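Reader: Hi! Could you walk me through this model while I have it open on my screen?
Author: Happy to, just ask away.

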Amino acid sequence: MQRRRERKGSRHPRQVDSFAEIIPGDPRCAGALFKRAAVLHRLGRNEEAVDGLTAALALQPDHVAALQTRGAALFALERHDAALADYD
């Protein structure tokens with residue numbers, strides 16, 4: 001089980017790099033911005049995740065998963081009032 005987690009966890013940095021390559025080609029792609037930010041959140045890079053999720057929400061304000069993930073990232077950063085606003 002430990003090996004499975006290690007292997008799965010080790011792919012996240014590669015995923016961030018993959019999305020980083022896609023986004024410059026189409027910076028208005030809310031889906032790519034969201035997916036990259038979600039991976040950043042899983043890696044604990046919550047400030048970067050919040051920035052990416054905010055960019056995705058600027059393009060698609062009704063992106064429910066982006067709101068939920070940004071709320072979780074904000075909560076992890078102990079910015080509880082802002083997190084609650086995303087869950088509202």
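This is a predicted model: local features need pLDDT of at least 70, side-chain atom pairs count only at pLDDT 80 or more; totals for chains, interfaces and linings use all residues.

Reader: Let's jump right in. Where is Asp86 placed?
Author: Asp86 sits in helix 6.

Reader: Which residues is Arg70 in contact with, leaving aside neighbours within four places in sequence?
Author: Arg70 contacts Val50, Leu53, Thr54, Leu57 and Asp86. Asp86 belongs to helix 6, while Val50, Leu53, Thr54 and Leu57 are part of the contact that helix 4 makes with helix 5.

Reader: Let's zoom out a bit. What does the secondary structure of the chain come to?
Author: Six helices and zero strands. Read from the N terminus, the order of elements is α-α-α-α-α-α.

Reader: How much of the chain is buried?
Author: The protein chain has 88 residues, and buried ones make up 32% of them. The accessible surface comes to about 5,800 Å², with 51% of that belonging to carbon and sulfur atoms.

Reader: What share of the contacts comes from residues 24 or more positions apart?
Author: If you take contacts with a separation of 6 or more, residues 24 or more positions apart account for 41% of them.

Reader: Back to the helices. At what angle do helix 5 and helix 6 pack?
Author: Helix 5 and helix 6 pack at about 165°, and their axes are 8 Å apart. That angle makes helix 5 roughly antiparallel to helix 6. Their crossing is left-handed.

Reader: Which residues make that contact?
Author: Helix 5 brings Leu67, Gln68, Arg70, Gly71, Ala72, Leu74 and Phe75, and helix 6 brings His80, Ala82, Ala83, Asp86 and Tyr87. By class, the contact of helix 5 with helix 6 has seven nonpolar, three polar and two charged residues.

Reader: How do helix 4 and helix 5 pack?
Author: Helix 4, residues 46-59, packs against helix 5 at an angle of about 155°, with the axes 9 Å apart. Helix 4 and helix 5 are therefore roughly antiparallel to each other. That crossing is left-handed. The contact uses Asn46, Ala49, Val50, Leu53, Thr54 and Leu57 from helix 4, plus Ala66, Leu67, Thr69, Arg70, Ala73, Leu74 and Ala76 from helix 5. The contact of helix 4 with helix 5 divides into nine nonpolar, three polar and one charged residues.

Reader: And helix 3 with helix 5, are those parallel or antiparallel?
Author: The axes of helix 3 (residues 30-42) and helix 5 (residues 64-76) come within 10 Å and cross at roughly 25°, so helix 3 and helix 5 are roughly parallel to each other. The crossing of helix 3 and helix 5 is left-handed.

Reader: Which residues meet there?
Author: From helix 3, Phe34, Ala38 and His41 meet Ala65, Ala66, Thr69, Ala72 and Ala73 of helix 5. The residues of the contact of helix 3 with helix 5 comprise six nonpolar, two polar and no charged.

Reader: Now the loops. Where is Glu78 found, and what is its phi near?
Author: Glu78 is in the loop between helix 5 and helix 6. Its phi is near 60°, a positive value in a residue other than glycine. Glu78 is exposed, with a relative accessible area of 62%.

Reader: Last one: where is Gly44?
Author: Gly44 is in the loop between helix 3 and helix 4. With a relative accessible area of 49%, Gly44 is partly exposed. The C-alpha atoms of Gly44 and Leu77 are separated by 9.7 Å, and these two are 33 residues apart along the chain.

Definitions and conventions. Residues are numbered from 1 along each chain as its sequence is written. Side-chain values use heavy atoms; hydrogens and water are left out. Axes are lines fitted to C-alpha atoms, for helices over the stretch in contact, and angles run from 0 to 180 degrees between N-to-C directions. Helices (H or I, at least four residues) and strands (E, at least two) are DSSP runs, numbered from the N terminus. Angles under 35 degrees count as roughly parallel, over 145 as roughly antiparallel, 65 to 115 as roughly perpendicular and the rest as oblique. A crossing is left-handed if the near helix is turned anticlockwise from the far one by less than a right angle, and right-handed if clockwise. Contact means heavy atoms within 4.5 Å. Ala, Val, Leu, Ile, Met, Phe, Trp, Tyr, Cys and Pro count as nonpolar, Asp, Glu, Lys and Arg as charged, and the others, Gly among them, as polar. Buried means under 20% relative accessible area, exposed over 50%, partly exposed in between (1.4 Å probe, protein chains only). Accessible areas come from the Shrake-Rupley method with a 1.4 Å probe; for residues, only the protein chains shown count as cover.
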